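User: Hi! I am new to this structure and would like to understand the words used to describe it. Could you take me through them?

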Amino acid sequence: MVVNKVDRLCMDLGLDPSEAYVRIRELIESMNAVCASMLNSDVNDDTMEAVDGDANANNDNDIDEKKASLWNFDPIKGNVVFASGLHGWGFTIPTLARSLFKSKTIPMKPPLLRQYLFGDFKYNTETGKVLKWKQSGNSSGEPMFAEYALAPLWEIYEGVSQAAASVGLKSELFAHNSAQNGNTGKKTENAKILASTSGMDRVLAAIQIGSTSPGVISPQPNNNNHDDRPIPQTTDDMQRLISRLGASSESSIVSAVLRRYRPLSVSVLDAVCETGPSPAKATLELRPKVLALQDPPHQNDD
């Protein structure tokens with residue numbers, strides 16, 4: 001399952017990271033409810049058409065459980081990708097857990113950490129403990145998904161928008177939100193956003209946390225691969241990235257940074273490897289079905 005257009009929760013709807021987490025959680029719950037309803041309908045149809053009595057009941061139950069597992073979307077299992085196709089970024093919970101562990105942001109092994117990254121949990125940095133997060137307004141802190149998955153993305157979007165406003169450009173990212181449009185009174189021709197522009201410091205700080213680039217989470221990164229190159233660490237690194245890609249507008253800078261910070265292609269491939277069968281197993285299961293000969297459908301004489 002790919003939850004696309006997550007960026008619009010920030011740019012168009014103006015939700016904060018905690019509100020966006022609740023919105024995404026409800027979306028996934030609704031999708032699982034629809035899938036469960038669809039599976040129950042199929043089971044009822046199969047039961048009505050059964051002709052062998054209870055002889056194959058156990059096999060049918062095994063098949064039903066397997067189907068239910070395949071059609072249950074749970075970010076913790078790694079079969080949900082959070083993404084923005086427009087700006088080319090995406091991530092999964094397992095990749096984010098590996099990133100936070102390797103960067104020593106949260107000293108917790110990835111198999112355990114992923115259990116808390118999507119749910120009503122918050123992390124206390126002082127005690128190093130995971131606590132329950134309550135959605136009520138009296139609850140302090142943010143859920144871990146909001147703090148470590150969404151908040152850095154929000155900072156990048158808002159930081160680039162601030163940089164655009166500081167050089168007199170009208171915001172392209174927050175076009176529907178007048179509060180983010182900044183100073184648009186003076187029209188500046190040939191205005192460019194540089195790494196040293198006010199607001200880009202927020203971007204540089206945000207990308208140091210939770211990057212899912214292979215150069216960060218892979219045990220043996222391949223520096224010859226574009227996606228494996230390290231993310232910018234300094235203002236000079238950021239300026240070299242912007243200059244090399246010819247990025248000067250809001251959208252181009254956001255895409256240049258986010259595609260390196262959390263590359264979408266890597267996240268999708270990771271989700272496939274995390275949840276799908278191995279190529280050898282898939283070949284054994286699918287090849288006979290693909291090459292099987294089937295009788296043509298019978299046509300009614302009417």
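Analyst: Gladly! Let's start with Cys-10, which is buried at a relative accessible area of 4%. A word on the background: this is a predicted model, where local features need pLDDT of at least 70, side-chain atom pairs count only at pLDDT 80 or more, and totals for chains, interfaces and linings use all residues. Residues are numbered from 1 along each chain as its sequence is written, and side-chain values use heavy atoms, leaving out hydrogens and water.

User: Why is Cys-10 called buried?

Analyst: Buried means under 20% relative accessible area, exposed means over 50%, and partly exposed is in between (1.4 Å probe, protein chains only). Cys-10 has 4%, so Cys-10 counts as buried. Cys-35 is buried too, because its relative accessibility is 3%.

User: How many disulfides does a search of the whole structure find?

Analyst: The search finds 0 disulfides.

User: What makes Lys-104 exposed or buried?

Analyst: Its relative accessibility is 72%, and the cut-off for exposed is over 50%, so Lys-104 counts as exposed. Lys-104 sits in the loop between α4 (93-102) and α5 (110-117); such helices are DSSP runs (H or I, at least four residues), while strands are runs of E with at least two, all numbered from the N terminus. Its phi is near 60°, a positive value in a residue other than glycine.

User: And how do you class Lys-5?

Analyst: Lys-5 has a relative accessible area of 48%, so the term is partly exposed. Lys-5 belongs to the loop between β1 (2-3) and α1 (7-11). Its phi is also positive, near 60°, and the residue is not a glycine.

User: Which residues of helix α9 are buried, and how do you know whether they share a side?

Analyst: In α9 (residues 235-245), the buried residues are Met-238, Leu-241 and Ile-242. They cover an arc of only 95° around the axis, which puts them on the same side of α9; the arc is that of the directions from the helix axis to the C-beta atoms. An α-helix has 3.6 residues a turn, so residues three or four places apart point the same way. Their cover includes α7 (200-206) and α10 (250-261), with contact meaning heavy atoms within 4.5 Å. After α9 comes Gly-246, with a positive phi near 65°.

Note on methods. A disulfide is a pair of cysteine sulfur atoms within 2.5 Å.
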